[in-house]
Every structure is written in C-alpha cells, then in structure tokens.
Amino acid sequence: MNQQIHSSSKYIFVLAITLFYLNITGCSKKNDNPVKYSSGFFPDTVINMGSINSQYDDYNLDLYQLSGSGPVIFSSNRNSSGNQFDLVQGMITFVFDQTNGNFSLTSSIGNDSYISALITKANTQKNEFGPYRFYCNEDGYEYLMFSSVNSEGNLDIQYLRNRPQFSQAVPQISGPVTVSVFNSTSDDAYFSINSTQDTAYLCSSRNGDFDIYMLHKPPKTEISAWFIQNGASLTAVTNLNSSADDKCPQVFGKVIVFSSDRPGGLGGFDLYYSVMKNGSWSSPMNFGPSVNSASNEYRPVLGLQDNFTNYFMMFSSDRPGGQGGYDLYFTGIDFE
C-alpha cells in the first residue's frame with residue numbers, strides 16, 4: 001500500500017542533522033536480522049495430525065497440492081460409525097518459524113466444493129481405498145485414482161477425470177471408469193505413477209499374498225486409452241517383495257515407499273523405502289523406530305515443499321495415543 005508523507009523542509013533538515021549526529025558519534029545500532037533459518041525443515045518427530053482424525057479408522061491419505069496449506073483426501077469409516085470406508089476430505093496447514101526453527105501443524109475436516117464433488121462421485125455403498133491424484137502432462141487432465149469393491153467382493157482400481165479448476169466453478173468430472181489394464185479377479189489397489197508418467201506401480205493379491213507390481217505404458221498411447229486396455233500381465237518388483245504382504249506403494253522421484261509385515265520389523269506392518277539406483281530398486285530399508293512402532297503403520301505418502309531441506313511423509317497407524325482406530329501422522333524424512 002502506497003503512503004504519502006507530507007513533511008516540511010524544516011522537519012527534513014532536523015531529521016537529517018539528527019541522523020548525521022548519530023552516525024558520527026557511533027550511537028546508531030543496526031537491528032539484528034530476525035531470520036535464523038534460511039530454509040525450513042520438517043521435524044523428524046512423529047506428529048499426530050490432530051483434529052482431522054476421529055475415533056474410527058482414518059487412513060489411506062493422499063496429498064492434493066499440499067503447499068503450506070491445502071486439502072487432502074483420505075479413507076475413513078467415520079461416516080458409517082466404523083462399518084464402511086469412504087473417501088473423506090481434510091485441510092492441513094503447517095508453519096515453520098524462521099526466527100526460532102519451530103514447526104507447527106494444524107488440521108481440520110475440509111469443505112472444499114470441488115473436492116466434495118470428486119469424493120461424491122467416487123463413493124459407493126461399498127469400501128473405497130487408496131486415493132491418489134495426479135495431473136497428466138500429456139492430456140491436460142487431473143486424475144483421481146482409487147480402489148472400490150466390485151460386485152465379486154474384490155478391489156478394482158478406478159479413476160475420475162476432469163480439467164483443472166481455474167475458477168470458483170467446479171469442473172465437469174467424468175467417471176468413475178474401471179482401469180481394466182491393471183485389474184484381475186483378485187484385489188488390486190494403491191495405484192501410483194512415476195514422474196515421467198510411463199510406469200505405474202500398484203499392489204495385488206493375484207498370486208496369493210499382496211505383492212508390488214509395475215507396468216510400463218506403451219509408447220504413443222494416451223493414458224486414458226492405456227487404462228481401459230484389456231488386463232495386462234504385470235511384472236512383480238522382486239527387489240521390493242517378500243514372502244509376506246507388501247502393499248501401498250508410492251513412487252516419488254527416485255524413492256518408493258510402501259508397507260510390509262515381513263519378518264524383521266518392529267511389529268505388524270512397518271514402513272519401508274527403496275531408492276532407484278542404476279535402473280533398479282535397492283534392497284528395502286526399514287524406516288526404523290523413529291517412524292515405526294510395535295503397532296501397524298500403513299500407506300506412506302511422501303512430499304516436498306519449496307524452501308524446506310527434507311521430505312515430509314504422512315501415514316496411518318493404530319499405535320497407542322491416537323484418537324481411536326487408525327490415525328493419520330506426519331513426520332520429516334531424510335534419506336541416506
């Protein structure tokens with residue numbers, strides 16, 4: 001805001017003489033720069049995400065343009081008092097104080113009209129899990145991927161599609177469309193796609209226990225056309241899989257995170273990560289006791305924020321101390 005200061009020439013002369021006197025007598029004192037931290041960092045303590053949680057099961061969270069403040073979508077059975085999982089929206093805000101390094105996070109249930117339209121289209125009388133949103137550079141559409149129970153009682157991957165929202169008006173949303181290229185007669189869920197959008201990851205129980213699979217998109221094929229192709233033969237990611245259940249993969253850059261109840265963990269399902277090196281995934285590493293507990297940790301989601309030096313990760317856990325059932329948690333992450 002522009003301000004106009006009207007001063008007499010006499011006042012300006014007196015002020016100039018005063019400043020000159022302070023300078024030559026050494027009485028002036030520069031204010032200390034209050035900024036002690038040029039970049040933010042997410043604390044490595046695990047933070048319960050507070051009022052976004054309920055006494056019921058709240059998990060399967062996915063980011064939607066989280067940047068200091070923004071909406072998220074997650075699965076919860078709160079609407080049916082614990083009987084059925086629906087997609088629910090929330091709002092998360094975090095603040096890093098550059099003067100003292102303090103980090104704070106607040107959350108609440110959201111009421112964004114656009115997100116409401118999305119989850120209303122996705123939710124059915126059965127369970128919905130694993131929301132995952134991405135923008136497709138190739139066709140200019142936003143996709144909401146999720147898994148829903150089909151008529152045979154198995155999880156199928158589906159999608160909703162719309163143009164980005166450029167105004168207050170809610171864009172037209174098409175779908176849900178069954179993603180036949182990934183689905184089988186078993187449970188198929190937790191779709192994720194790499195940064196070049198040519199390789200998809202998911203988990204499936206098609207060979208008994210849950211394993212992590214991948215599938216390359218054929219060259220010169222639009223993603224929506226790829227999704228509705230006949231069921232493909234997926235490739236098991238043997239570097240990541242074990243004899244136990246390996247679920248909920250999320251690929252983020254050169255890192256993939258997932259959940260597993262393989263032997264050697266801290267208890268129940270633990271969270272693991274792997275790094276892409278020389279074209280293959282490294283041996284999975286347990287996040288250790290700073291993240292995992294003797295209870296279950298589930299569906300990890302990574303993110304980055306401008307001007308922060310590390311990743312953040314959100315996940316769900318039924319560890320003691322929450323509001324009940326599974327709660328959503330937040331922590332900062334550094335990778336080796």
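**Entry 1. Confidence**

The protein has an average pLDDT of 88, and 89% of the residues score at least 70. Residues 1-28 keep a pLDDT under 50. For that stretch the model has 4 contacts beyond four places in sequence. Where pLDDT is low, the predicted coordinates should not be read in detail. I left that stretch alone.

**Entry 2. A pocket**

Next I looked up the second largest pocket. I noted a volume of about 250 Å³ for it. Which residues lie nearest its centre? I found Tyr201, Met214, Met276, Gly279 and Trp281 there, out of 17 lining residues. I also checked which strands contribute. β11 (199-207), β12 (209-216) and β17 (280-281) each supply at least two residues of the lining. By class, I recorded 7 nonpolar, 9 polar and 1 charged residues in the lining of this pocket.

**Entry 3. Aromatic pairs**

I searched the whole structure for aromatic pairs and got 43. I took Phe42 and Phe330 as one example. Their ring centres are 5.7 Å apart. The planes meet at 65 degrees, which is over the 60 degree cut-off, so I logged the pair as edge-to-face. What does this pair tie together? Phe42 sits in the loop between α1 (9-24) and β1 (47-48), and Phe330 in strand β21 (residues 327-333), so the pair joins parts that are 288 residues apart in sequence. Are these two residues buried or exposed? Phe42 has a relative accessible area of 2%, so I call Phe42 buried. Phe330 is buried too, with 1%.

I checked another pair, Phe182 with Phe191. This one is tilted, at 5.6 Å centre to centre and 45 degrees between the planes. Phe182 is buried, with a relative accessible area of 0%. Phe191 counts as buried at 2%.

**Entry 4. Asn194**

Last, I turned to a loop residue. Where is Asn194 found? I located Asn194 in the loop between β10 (188-193) and β11. Its relative accessible area is 16%, under the 20% cut-off, so Asn194 counts as buried. I set aside its neighbours within four places in sequence and listed what Asn194 contacts: Thr199 and Val251. I also looked at Phe252, which is 58 residues from Asn194 along the chain. The C-alpha atoms of Asn194 and Phe252 are separated by 6.7 Å.

How values were computed
Residues are numbered from 1 along each chain as its sequence is written. This is a predicted model: local features need pLDDT of at least 70, side-chain atom pairs count only at pLDDT 80 or more; totals for chains, interfaces and linings use all residues. Side-chain values use heavy atoms; hydrogens and water are left out. pLDDT is the predictor's confidence in each residue, from 0 to 100. Contact means heavy atoms within 4.5 Å. On a 1 Å grid over the protein atoms alone, a cavity is a set of points where a 1.4 Å probe fits but cannot get out, and a pocket is an open set with protein on both sides within 12 Å along at least five of seven lines; lining residues have an atom within 4 Å of a point. Grid points are joined across faces, edges and corners, and a volume is the space filled by probe spheres set on the points. Helices (H or I, at least four residues) and strands (E, at least two) are DSSP runs, numbered from the N terminus. Ala, Val, Leu, Ile, Met, Phe, Trp, Tyr, Cys and Pro count as nonpolar, Asp, Glu, Lys and Arg as charged, and the others, Gly among them, as polar. Rings of Phe, Tyr and Trp (its six-membered ring) pair if their centres lie within 6.5 Å; planes under 30 degrees apart count as stacked, over 60 as edge-to-face and the rest as tilted. Buried means under 20% relative accessible area, exposed over 50%, partly exposed in between (1.4 Å probe, protein chains only).
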